[in-house]
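Biologist: Could you walk me through the salt bridges in this one? I'd like to go pair by pair.

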Amino acid sequence: MAYNTKYILNYCNRYGDKLSIELQVDGYVGEAFIIVNNEDYLQDDRGRFVTVNVDGSYDPERDKNKIEGSSNPFSLTYRNDRSEKGGAIRATSATMEFFEDMLFNIDDLATSDETELRCIFKYNDAIEWIGFVTPDFFTVAIESNPVISLTASDRIGILKDVDYPVTTNMTETVSELAIIIKCLYETGLDLNINIICDMSCDQFASADLNPLAASFVNEWRTVTDIEKGDLEKCYNILRSIMDQYNCLLTQKNGEWWIVNKYNQEQGYGKLWKYTYDGTFISSSIVTFGETYFSEINTGGERTIIPAGAKNTYLQNNGSDLIYPYNSQLKVVDNKLPYWKLFLNTLTNDIAYEYESNGEIKDTYSASIPAVRTWLQEIDTLTNTLYEDLEFRIPFTVDDIDYPILESDKFPIPTLDKRKTSFKVKVNAVGKPESSLMVGIYIEFNDNPSQPDYAVYSPETNPNKGSFTGNNYFFFTRKDGVDTLDKNRAYPLTFGNKYNNKNIAVEESFELNVTAANGIDQNYDLSKAKMFVKVFCTSIFKNSKHNFNNEITRLDSYVKSLSIQFVNDDQTPKGVVYQTMLQGRFTKPTDRRNLMWGDYQTFGQNGYFYKYREDSLSIIYNQAGQMTKDWYTPWDNSRQPLLLHSLRQLTKTYARAHDELRIGFDLKRIDPFSHFAIRCVSEQYIQVDEGNDYLQDNQTRYITANIGKYLNNKRFILVEGTIDYLRSSFSGVLAEIVNTDKETTEYIYSYFEDSNIK
């Protein structure tokens, strides 16, 4: 479908500039009233006019309906997420008023779809703003010649209730620009994206790169609960990224703009332009103009905002990853992401009772969401026990028992590269006394051309036909991992909790594993990978003891399989970046909570503890290398990104500054402009040292207009409303402050919020 203009209002502002409001409807192709009896129009049984499409196509000249505006046809409001100039998101909304008539009425506008009606506002035929008309806020007075009031917005605010969109498999390497694009797409507006952020990093392939496009992060950081699959809200993600780069997100001229606030205050920067889906368009150097006004017609309130005594950036490391990815076995597009499927099927019909030979006798339907599917083994084969042994639980898999499920490889978190601890959890359903065979493998890549492999195994006591309880990693060859020639696996045995070997049992298995290099072993776990395999369910048949000879088939069901690496008590929750002004200052700025930042390895003026190298909060370059050495045109020192952003914030709040709540008339408002108050006074013109002043032929003193800026101050827009008909603005401006003040900088770890100074 496409948006086409159904209603249009053309008018001018006080300066004669052309303005227009177009109300567009999704899928609109024109309509006409049906005339009956030469002068009456056809109506339905409720008195509504019946319309018909003319030819099935949209004709702009024919199908646009002119409407009449009231005395307040269009006003645009900018609303900051923070009340002061340090905001990260500046949402926009519009209010409109039109006279109701037969063509344009509240019944015709009625809809429950928040994106069906789109508003385009144009200034001199160029798009000034785009938004969606909010169906909840249609109002009309019950009177003659009534006025319809409409409200439209850019829908940034609704992102507070929208989960981050998972349209494909989550990935470890996604650019922050791609995340921004996904979030903004949820507004329903397909707008170009403009980025001005003069920050760079030595780890980038080139210094001439847009930092948001060149920085890559782990998309799993957007998941708030990895086991449940709960996702962060799009608004919180956008706000975090904006704060991360000290940027502001808003709409201007019908496009999204992301502007570094220090760039704005300096008055220039490099612009990177993209389409709504991230296709690069162009780059150029731009400057922010200055806007002057001399008369204040409303408000006129001046407030002194105190200096920011303490400024805090809080980088939260996020949840620890649970491996393998998609441990809950969620199905996407009839596939199981991050897993290889072999001899198995996906089902919600779970075995309730088995026949004595292992065939399924009865099933039940699992009460679970449609995206969660159990994994069912099929064509399961059984192992045969050697006649001279007494094992009733298997610990190897034969070459005929190929895996039914295999995970993608994943890293092994370790703080010292020599040891690791993890917890294995498996939820499954199976036949009592049968064993689900799970292989937990480590691939050591110290020698990438010929890696070593080890598989987690139970230690056996052959003489007694039992396990000792001492588990270990059994080293094997690569071909042993692939061919499974009597390869080891760990048996997870279903108990007989109902004293009936034919009643299926649901089990939650747990293994706690701690492993480290042995004597004369020097494997580097930071280079190693882990993966798991699930094999066919096994049960031993022993003809000598007439044990399980009737079994011909076994089916079991796996709901989830997860490995969670265990941290010690010294693993922090995140990293705190802080600046404090020297002197007697008390008012802190708002704390910024960040989802991503550089992997920090040292502290400054505070205690620092190392954290996991697989932390979801780490920024990488496109090649997968951690970023660390950032710089800007105004600060060439190599520092972490968040410290540069924090320094910029600190400078803008380094001393008390003016905040003006005022209104003034102006032909056009640029939301990124520098505003200055121009005062004009008259002065006599001195002509000599004898205090003689210039006079005309009638002995009247001749004066000259002397113009200046009030105290040479410049201001930036915080929030406010523009009335385009009257060319007037009312709102809040904040003084630009760029002061190098003596500060103390801190970088330290925190375990609880109470640790933050």
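Modeller: In this predicted model, the side chains of Asp17 and Lys667 meet in a salt bridge, with 3.9 Å from N to O. The pair links distant parts of the chain, since Asp17 sits in the loop between strand E1 (3-12) and strand E2 (18-26), whereas Lys667 sits in the loop between strand E49 (657-665) and strand E50 (674-684), 650 residues apart.

Biologist: And is Asp17 buried or exposed?

Modeller: Asp17 is buried, because its relative accessible area is 9% and the cut-off for buried is under 20%.

Biologist: OK, which side chain does Lys122 meet in a salt bridge?

Modeller: Lys122 pairs with Glu22, at 3.3 Å from N to O. Glu22 is buried, with a relative accessible area of 7%, while Lys122 is partly exposed at 22%.

Biologist: Switching to Arg302, what does it form a salt bridge with?

Modeller: Arg302 forms a salt bridge with Asp658, and their closest N and O atoms are 3.0 Å apart. This pair also links distant parts of the chain, with Arg302 in strand E25 (residues 298-305) and Asp658 in strand E49, 356 residues apart. Arg302 counts as exposed at 54% relative accessibility, whereas Asp658 is buried at 5%.

Biologist: Which residues are linked in a network of salt bridges?

Modeller: Arg82, Asp243, Asp590 and Arg592 are linked in such a network.

Biologist: And how many salt bridges does the count come to?

Modeller: The count comes to 34 salt bridges.

How values were computed. Residues numbered from 1 in each chain as written. Predicted model: local features only at pLDDT ≥ 70, side-chain atom pairs only at ≥ 80, totals over all residues. Heavy atoms only, no water. Salt bridge = Lys/Arg side-chain N within 4 Å of Asp/Glu carboxyl O. Helix = DSSP H or I, 4+ residues; strand = E, 2+ residues; numbered from the N terminus. Buried < 20%, exposed > 50% of the residue type's maximum accessible area, 1.4 Å probe, protein only.
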